[in-house]
Amino acid sequence: QFHIDGVQHKVTVNDNGRNHLHGGATGLHNATFAGSCGIDSGQAFVDFAYTSPDGEDGYPGEMKIVARYTLTNDNKIVL
C-alpha cells in the first residue's frame with residue numbers, strides 16, 4: 001500500500017500473498033496491447049498501445065502507454 005495526498009491505495013499482492021512485485025497480480029507483462037502500423041516521414045512503424053484503467057491492480061488513475069518501433073531507411077530499429 002502507499003499514500004498519495006493522504007489517500008491510501010492498496011495494491012494487489014502476488015509474492016506468496018506478502019508483497020507487490022513487478023506490477024501486481026495482473027501486471028502489464030500480461031496485458032494485451034493493440035497493434036497498428038503505418039508510415040511516418042517515409043519510415044515504417046508499428047505502435048503497441050494499452051490503457052491501464054483507474055484502479056487496475058490498485059493503482060490510481062488511468063495510464064495510456066504507447067511503444068513505437070520504427071524501421072529507419074537505413075534498416076535500424078528505433079524504439
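Q: Is Thr72 buried or exposed in this model?
A: The model is predicted. Burial is read from relative accessible area, with under 20% counted as buried. Thr72 has a relative accessible area of 13%, so Thr72 is buried.

Q: Which residues does Thr72 touch, not counting residues up to four places away in sequence?
A: With those residues set aside, Thr72 touches Gln43 and Val78.

Q: Which side chain has a polar contact with the side chain of Thr72?
A: The partner is Asp74, and the polar contact between the two side chains is 2.4 Å.

Q: Which residues form a nonpolar patch on the surface?
A: A patch of this kind is built from residues with over 30% relative accessible area. Here Phe48, Tyr69, Leu71, Ile77 and Leu79 form a nonpolar patch, and together they have about 520 Å² of accessible area. Tyr69, one of these residues, is found in strand β5. Its relative accessible area is 36%, which means that Tyr69 is partly exposed.

Q: How many aromatic pairs are there?
A: Two rings pair if their centres lie within 6.5 Å. By this rule the count is 3 aromatic pairs. Among them is the pair of Phe2 and Tyr59, with 6.0 Å centre to centre and 35° between the planes, a tilted arrangement.

Q: Which parts of the chain does the pair of Phe2 and Tyr59 link?
A: The two residues are 57 residues apart, and the pair links distant parts of the chain. Phe2 is in strand β1 (residues 2-4), while Tyr59 is in the loop between β4 (43-52) and β5. Phe2 has 25% relative accessibility and therefore counts as partly exposed. Tyr59 is also partly exposed, because its relative accessible area is 34%.

Q: What are the distance and the angle between the planes for Phe33 and Tyr50?
A: Phe33 and Tyr50 form a tilted aromatic pair, 5.4 Å centre to centre, with 40° between the planes. This pair also joins distant parts of the chain, 17 residues apart: Phe33 is in the loop between β2 (7-9) and β3 (34-40), and Tyr50 is in strand β4.

Q: What is Tyr50 in contact with, leaving aside its neighbours within four places in sequence?
A: Contact means heavy atoms within 4.5 Å. The contacts of Tyr50 are Leu28, Ala31, Thr32, Phe33, Glu56, Met63, Lys64 and Ile65. Glu56 also makes a polar contact of 2.7 Å with Tyr50, side chain to side chain. Ile65 is 15 residues from Tyr50 in sequence, yet the C-alpha to C-alpha distance is 5.3 Å.

Q: Where does Asp47 lie, and is Asp47 buried or exposed?
A: Asp47 lies in strand β4. At 12% relative accessibility, Asp47 is therefore counted as buried.

Q: Which side chain makes a polar contact with the side chain of Asp47?
A: A polar contact joins N or O atoms within 3.5 Å. The side chain of Arg68 makes one with the side chain of Asp47, at 2.6 Å. Leaving aside neighbours within four places in sequence, Asp47 is in contact with Ala34, Gly35, Ser36, Val66, Ala67 and Arg68.

Methods: Residues are numbered from 1 along each chain as its sequence is written. This is a predicted model: local features need pLDDT of at least 70, side-chain atom pairs count only at pLDDT 80 or more; totals for chains, interfaces and linings use all residues. Side-chain values use heavy atoms; hydrogens and water are left out. Buried means under 20% relative accessible area, exposed over 50%, partly exposed in between (1.4 Å probe, protein chains only). A polar contact is a pair of N or O atoms within 3.5 Å; within protein, one must be able to donate a hydrogen and the other to accept it, and residues adjacent in sequence count only if both atoms are side-chain atoms. Patches are made of residues with over 30% relative accessible area and no salt bridge: like charges are joined within 9 Å, nonpolar side chains (Val, Leu, Ile, Met, Phe, Trp, Tyr) within 5 Å. Accessible areas come from the Shrake-Rupley method with a 1.4 Å probe; for residues, only the protein chains shown count as cover. A salt bridge is a side-chain nitrogen of Lys or Arg within 4 Å of a carboxyl oxygen of Asp or Glu. Helices (H or I, at least four residues) and strands (E, at least two) are DSSP runs, numbered from the N terminus. Rings of Phe, Tyr and Trp (its six-membered ring) pair if their centres lie within 6.5 Å; planes under 30 degrees apart count as stacked, over 60 as edge-to-face and the rest as tilted.
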